[in-house]
Amino acid sequence: MIAKDCASSSSSGPSSSPARCRFSAAPTPPPPHVCARINAQVTSDPVLARPNFDFDQHVRSRSYTMQNFAFEDFEAAVLLDEGVESLLPETFHPPCPAPLYTFEIGATENDGLGMFALKDMPAGSLVLVEHPVMVAPYLLGIGVPLADVYAEIFGRLSPDLCDELMDLSNSMEDCDLLEGIVRTNALGIQLEVPDVPNPELTTHRAVFLNTSRCNHSCGPNARWEWDTNTFSLYLTAVRPIRKGEEITIQYIACTQSRKERHATLHSLYNFTCACKYCALPSHDAIRTSDATRAALESFWRVLPPFEEWCLDPIMAPDALIKRHFDALKMIKQEGLQVLDAEKHVDAIAMCYGSLADLELFTAWAGRAKDAKLHDAKQTLVFAKWLSNPVSFPAWGWKKTFCGRELGKL
Ligand SMILES: C[S@@+](CC[C@H](N)C(=O)[O-])C[C@H]1O[C@@H](n2cnc3c(N)ncnc32)[C@H](O)[C@@H]1O
């Protein structure tokens, strides 16, 4: 187990730093026009998306603690709202061991440094597991300049870690250097604590020494997930990655149109996306890509539920399967495997099961099982269905209710 609170020993932090430092809310609330501006930002910010946020109230009621979290061979400087801190577990589980030497940081052609694969990786493989080097609330209602707060956080790290943090890139032009480094490199994580009174309190900025070197792509080949239980990030390949290929993630939701993506990336991160999915040759190509992404965005919302399709004799036997094949084609075209492409594979297997098509059920359930490299529970479910297909709960439903055979797709 890993100790959460090293209040008494910031072992490698500068000795002049208090072990546990407290910031209080602003003594006088900011003027109404500032609150109105921040409220508007929060409601429109895709990371926060809090429709009824009240910044005035927020700053009146918040106070914070600063601590160092010690992990086996690493430390993080962490600023937390006391309301969140009190709800975090006392200890964190150790993360599952990271794979060795699967990436390196190197120069890209146009986007500064980036992360590159050192070997071929199949879809679903774990690229790295990493603790953050610093964490701070996304929204700070504090009566101290933000630059001072970040200086305090950076100053709590060992000189080596602080140098590495300071070495990260800075794309911001409208703020202090440390704030620029944080805003350029932080990923928005949720510290999932039970029964938190204000939901906006759970969103934090977390900076990572390796993952923060990943550039954005609108068709990323990797996805990251935050795990509060281990206080770490897991970076996973969402499609096969070749040795030497750059490993990319998405900074924003990539089902938006190209124009919207560019506007969001510009307003949040101050850069113009140069990824290959944005470099389209014509207006027609842009229109097609936008329409495909919009169709993927609404796919699950407009899809008839599996049970409804099974039990409705009017719905064609191949109607649902065709939709999932189309989705897989669109995902491949746009490089959006990050949108849980494996869910469509699962769904196709289930459809064939409900049609009692043994051959295609076996083929697709096998593919679904292989895609679940790190999900032991789901792997077991598909393994069970594969060894005994009639144990699939909806086996033969559609065939029974439709009374028709499916022509091969
Ligand atoms: C989190 S850093 C990524 C690592 C960075 N390239 C470096 O050298 O450390 C984010 C910055 O990388 C650059 N960047 C990331 N993705 C990009 C993209 N798709 N197109 C252009 N620049 C990108 C931008 O300057 C952005 O502000």
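The questions below concern a predicted model of a protein chain with a ligand.

Q: What makes V338 count as buried or exposed?
A: A residue is buried if 20 or more other C-beta atoms lie within 10 Å of its own. V338 has 22 other C-beta atoms within 10 Å, so V338 is buried.

Q: Where does V338 lie, and which residues is V338 in contact with beyond its neighbours within four places in sequence?
A: V338 lies in the loop between α10 (319-334) and α11. Contact here asks for C-beta atoms within 7 Å, and P220, R223, V238 and Q250 are in contact with V338 once neighbours within four places in sequence are left aside. As for W224, its C-alpha atom is separated by 9.7 Å from that of V338, while the two residues are 114 residues apart along the chain.

Q: Why is A356 called partly exposed?
A: The class lies between the buried limit of 20 or more other C-beta atoms within 10 Å and the exposed limit of 12 or fewer. A356 has 19 other C-beta atoms within 10 Å, and therefore counts as partly exposed. A356 is found in the loop between α11 (341-354) and α12 (358-370).

Q: What makes N270 partly exposed?
A: N270 has 15 C-beta neighbours inside 10 Å, so N270 counts as partly exposed. Its place is in the loop between α7 (258-269) and α8 (283-302).

Q: What is the phi of N270, and what is that of A356?
A: Phi of N270 is near 60°, a positive value in a residue other than glycine. A356, also not a glycine, has a positive phi of about 55°.

Q: Why do β6 and β12 stand at the edges?
A: The open sheet has 4 strands in the order β6-β7-β15-β12, with mixed pairing. β6 (103-107) and β12 each have a single partner strand, so one side of each is left without a neighbour in the sheet.

Q: How do you know that β6 and β7 pair?
A: Pairing needs at least two bridges between the strands. β6 and β7 have 5 bridges, in the antiparallel sense.

Q: Which elements each supply at least two residues of the shell around the ligand?
A: They are β7 (113-117), α6 (177-185) and β12 (215-216). In total 19 residues surround the ligand, and the closest are G112, L113, S169, S171 and N215. By class, the shell has 7 nonpolar, 10 polar and 2 charged residues.

Q: What are the domains, and how many residues does each bring to their contact?
A: The domain assignment gives domain 1 (2-25 + 62-269) and domain 2 (283-402). The contact takes 14 residues from domain 1 and 15 residues from domain 2. On the side of domain 1 that touches domain 2 there are 5 nonpolar, 6 polar and 3 charged residues. The centres of the two domains, taken over C-alpha atoms, are separated by 34 Å.

Q: How do you know how confident the predictor is in the chain, and where is the pLDDT below 50?
A: The chain averages a pLDDT of 87, and 88% of the residues score at least 70. The pLDDT is below 50 over residues 1-20, a stretch that has 40 contacts in the model beyond near neighbours in sequence. The model scores ipTM 0.99 and pTM 0.86.

Definitions and conventions. Residues numbered from 1 in each chain as written. Predicted model: local features only at pLDDT ≥ 70, side-chain atom pairs only at ≥ 80, totals over all residues. Near = placed C-beta within 6 Å. Nonpolar A, V, L, I, M, F, W, Y, C, P; charged D, E, K, R; others polar. pLDDT = per-residue confidence, 0-100. Contact = placed C-beta atoms within 7 Å. Domains from an automatic or database assignment.
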